[in-house]
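Biologist: I am new to this structure. Please show me how to read its side-chain links.

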Amino acid sequence: MEGVQNLPPHLQGEFMKTLEHMQIKDSLIMYNTLTERCFATCVSSFRSKALDKHETTCIQNCAERYIKMTQRVGLRFAEDQALRQKRAADAAGV
């Protein structure tokens, strides 16, 4: 985000709007993927309007695992990016 400060003010606003739009899109994709995956895995019967106890528990566990996995992947990605930036800075300083 350091490079954003070097942009002219009118482009900074445009960049931030685009970034916000991308974050919203990513959140919706994650939500839809979680919903589709957990529904397909856990719901096998349509004999009533409500989920039964097994389906509810399965969906809760599935959603929890999916969110934890997504957070872990995001954390690992951030760590990798930080390491790459550090290596680039070290290489530029040498």
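Predicted model: local features only at pLDDT ≥ 70, side-chain atom pairs only at ≥ 80, totals over all residues.

Biologist: How many disulfides does a search of the whole structure find?

Modeller: A disulfide is a pair of cysteine sulfur atoms within 2.5 Å. The search of the whole structure gives two. In one, the sulfur atoms of cysteine 38 and cysteine 62 are 2.1 Å apart. This pair links distant parts of the chain: cysteine 38 sits in helix 1 (residues 9–42) and cysteine 62 in helix 2, 24 residues apart. Helices are DSSP runs of H or I, at least four residues, numbered from the N terminus.

Biologist: Why is the disulfide of cysteine 38 and cysteine 62 called left-handed?

Modeller: Because the torsion about its S-S bond is about -90 degrees.

Biologist: Which cysteine forms a disulfide with cysteine 42?

Modeller: Cysteine 58, with sulfur atoms 2.0 Å apart. Cysteine 42 lies in helix 1 and cysteine 58 in helix 2, 16 residues apart, so distant parts of the chain are linked. This link is left-handed too, with -65 degrees about the S-S bond. Number the bonded cysteines in sequence order, and the pairing reads 1-4, 2-3.

Biologist: Are cysteine 38 and cysteine 62 buried or exposed?

Modeller: Buried means under 20% relative accessible area, exposed over 50%, and partly exposed in between (1.4 Å probe, protein chains only). Cysteine 38 and cysteine 62 are both buried. Cysteine 42 is buried as well, at 4%.

Biologist: Now the charged pairs. How many salt bridges are there?

Modeller: Side chains of opposite charge can pair when their charged atoms come close. The rule for a salt bridge asks for a side-chain nitrogen of Lys or Arg within 4 Å of a carboxyl oxygen of Asp or Glu. By this rule there are five. One of them joins arginine 76 and glutamate 79, at 3.0 Å from N to O. Both residues lie in helix 2 (residues 53–93), three residues apart, about one turn of the helix.

Biologist: Where do aspartate 90 and lysine 86 lie?

Modeller: Also in helix 2, four residues apart, which means about one helical turn between them. Aspartate 90 is partly exposed at 41%, while lysine 86 is exposed at 51%.

Methods:
Residues numbered from 1 in each chain as written. Heavy atoms only, no water. Helix = DSSP H or I, 4+ residues; strand = E, 2+ residues; numbered from the N terminus.
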